[in-house]
Amino acid sequence: MTRYRTMFANLDRKQQGAFVPYVTLGDPTPEASLDIIETLINAGADGLELGFPYSDPIADGPIIQASSIRALDAGVRPKECFDIIHKIRNRYPDIPIGILLYSNLVLAKGLDPFYDQAASSGVDSVLIADVPVKESQPFCEAAIKHSIAPIFIVPPNITEANLQRISKQSEGYTYLLSRAGVTGTESVAQMPAAELIKKLSHYKTAPPLLGFGISRPEHISSAINAGAKGVISGSAVVKKIEENIESLDDIKAALNDFTSIMKAATYYQRQTRIKVHAEEVI
Amino acid sequence: MSTAYFGNFGGAFVPELLIPALDELEQAFVDAQKDASFNEEFFSLLENYAGRPTPLTKTRNLSSNPLVTIYLKREDLLHGGAHKTNQVLGQALLTKRMGKARVIAETGAGQHGVATALACALLKLECCIYMGAKDCQRQQPNVFRMRLLGAKVIPVNSGSGTLKDAVNEALRDWSANYEGSHYLLGTAAGPHPFPTIVREFHRMIGAETKAQILKKEGRLPDAVIACVGGGSNAIGMFADFIDEENVRLIGVEPAGKGLHTKEHGAALCQGSTGILHGTYTHIMQDIDGQIEESYSVSAGLDYPAVGPQHSHLKDIGRAEYVAVTDDEALQAFQYLAESEGIIPALESSHAVAHAMKIADQAEDEMLLVVNLSGRGDKDLDYVNQLLSKEAS
Ligand SMILES: Cc1ncc(COP(=O)(O)O)c(C=O)c1O
């Protein structure tokens, strides 16, 4: 849990936002997945958001659905997911690792055993896509017991009451939704109301990372200008895997380039430059 | 309103993004229930458009046993061909009430899609139906019906290409479009408040049955029997009998090729508890919690979960759940046609088959009511194919 605090503090000092890529664990195979995740880290990822493949991902669009199917077809189940995470954790002791999954995978194992295994594999946070704050209590209790940060999603349409509830329980980071809908690059990120970000800091919610539709450097600049502490980019990352599925080397090359470009867009310095430039143009 | 849970079961396990839409729906439903003009319009449509009340027919030849009397609640005679029309009219009126112009729905057999499409045509709502690609094939006539009624039918290729995948796709659409669209869920499953809304809008099935049987027989039945896919026709039949402790409530699930095989859809008889489509209930899953594909000869029962209230009724021992195979259902389909001149839906044939079994074994006098949830027109081509394959 403290890895997020350290990450945000370090980035603050360096005047950068966080770039957190998402991939589905085991896509396209467990071995390739490990390689892919290391590529992301070495190219500048500040943290990781790792999905467990699931048969019925209702919050995901076609790109992440397809990656889930590739991983499931490769025989990837929660055990294989935890194995990959464990290996990453051994090689990279400091990087924050979040996992993203659906509630039934947690229930099937049992809440306490699931969070126990997550903790012993080196996971820092757990986000369950289909558990809204009003159903979250047993999940949060198990998370806290094992020193794991329960992550909450804050959509643009959140009610004041739910926002306050989330703020009380949130640790690690807050997943700020850029827009309605499901994951995907078909529908691009929209910027959150600065008002919503202000409210988050007013309620002392964990630092917001903006997600959904983040696929271009401009999205990152705007997110940071709006007050987000960084971004999560999922479908755009996974798309590089899909587009280069024939060759792991091509996947790695594409992800290396993409991550470097996206990471560079998180520098505050550049934000002002872009802003100044934009103002000059206007 | 009732809480989101039935004992341990139910809840609303959906992305946070959908919570405001579910809250809005719950509020609209609660307000509508108290609004005389809403109820007046709903009941007027049921009577004058859909054809309620439906008859309760005493069968002449179905029972093999003179001790056993079997009645059929004739939801097959409802406009649209199945019970589905009841609750669709209710939810379509709620859609108008919420000021939404577009309806999203999923469909398996196509019956819910047809009911939704006709209600949308009547009430001038835009209608978008998600249907598994596999189901589109086995229920061709209904795809044509929906299109004729002005609905857009979108085949779903993801996952197993059946009902559960159509629900996933409908939920995804709703996540993007909840402001102007209502998700008109087709059964008594899904996140709160759907299980309650769907039950309340089907409650007249049991309420009418109760009044009709009292009038005809002067007593309540010994058992009411209904097939269970997601559980809407069954909960509609059960609702008014839950407090009548001497009336057995029997739900019939699809045993497909047999409960000992993996090819069935009997979430209550063979499944375990978990979360699918927003509700904590009985589901079919593997040891890791991946959802398993269900199977049934009848597309409308081919669903790997069930409404949470059925899980609760099973849990507290109030209702019994049994399963009937494809073959038994197909036999009942033909037997009801031959013996009574009524062609049932394959779904409803499961309930008929179980009633026939009870009758075969009964040693005392018994009065049974079967909810004949739909008519078999949509199944004719498919059954014809199956039977000619068998014969050759
Ligand atoms: C005629 C008929 N009966 C039953 C069902 C099963 O649904 P439920 O269990 O919700 O009644 C269907 C579903 O399509 C149907 O068409």
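Reader: By class, which residues does the lining of the second largest cavity have?

Author: The model is predicted: local features need pLDDT of at least 70 and side-chain atom pairs pLDDT 80 or more, while totals for chains, interfaces and linings use all residues. Residues are numbered from 1 along each chain as written, chains are lettered from A and ligands numbered from 1 in the order written, and side-chain values use heavy atoms, leaving out hydrogens and water. A cavity is a set of points on a 1 Å grid over the protein atoms alone where a 1.4 Å probe fits but cannot get out, lined by residues with an atom within 4 Å of a point. With Ala, Val, Leu, Ile, Met, Phe, Trp, Tyr, Cys and Pro as nonpolar, Asp, Glu, Lys and Arg as charged and the others, Gly among them, as polar, this lining has 16 nonpolar, nine polar and one charged residues.

Reader: Which residues lie nearest the centre of the second largest cavity?

Author: Its volume, the space filled by probe spheres set on grid points joined across faces, edges and corners, is about 280 Å³. Strands E7 (174-177) and E9 (230-233) and helix H11 (235-243) of chain A each supply at least two lining residues, where helices (H or I, at least four residues) and strands (E, at least two) are DSSP runs numbered from the N terminus. Of the 26 lining residues, those nearest the centre are A:Ala59, A:Asp60, A:Tyr175, A:Thr183 and A:Phe212.

Reader: How do the residues of the lining of the largest cavity divide?

Author: This cavity holds about 360 Å³ of space. Among its 34 lining residues, B:Lys84, B:Gly186, B:Thr187, B:Gly230 and B:Gly300 lie nearest the centre. In chain B, strand E5 (102-107) and helices H4 (111-123), H7 (163-177), H10 (232-238) and H14 (346-361) each give the lining at least two residues. The division is eleven nonpolar, 19 polar and four charged.

Reader: Which element gives the largest share of the lining of the largest pocket?

Author: A pocket is an open set with protein on both sides within 12 Å along at least five of seven lines, and the largest one has about 380 Å³ of space. The closest to its centre of 21 lining residues are A:Ser55, A:Leu72, B:Gly159, B:Lys164 and B:Glu293. Helix H3 (62-73) of chain A and H7 of chain B each supply at least two lining residues. The largest share, five residues, comes from H3(A).

Reader: What supplies the largest share of the lining of the second largest pocket?

Author: The second largest pocket has a volume of about 310 Å³. Closest to its centre, out of 18 lining residues, are A:Arg179, A:Gly181, A:Val182, A:Ser187 and B:Ala176. H3 of chain A and H7 of chain B each contribute at least two residues. The largest share is four residues, from H7(B).

Reader: Which residues are exposed on the other side of H6(B)?

Author: In helix H6 (residues 140-148) of chain B, B:Asn142, B:Val143 and B:Met146 are buried, that is under 20% relative accessible area with a 1.4 Å probe and protein chains only, exposed being over 50% and partly exposed in between. They cover an arc of only 105° around the axis, which puts them on the same side of H6(B); the arc is that of the directions from the helix axis to the C-beta atoms. Those exposed on the other side are B:Phe144 and B:Leu148.
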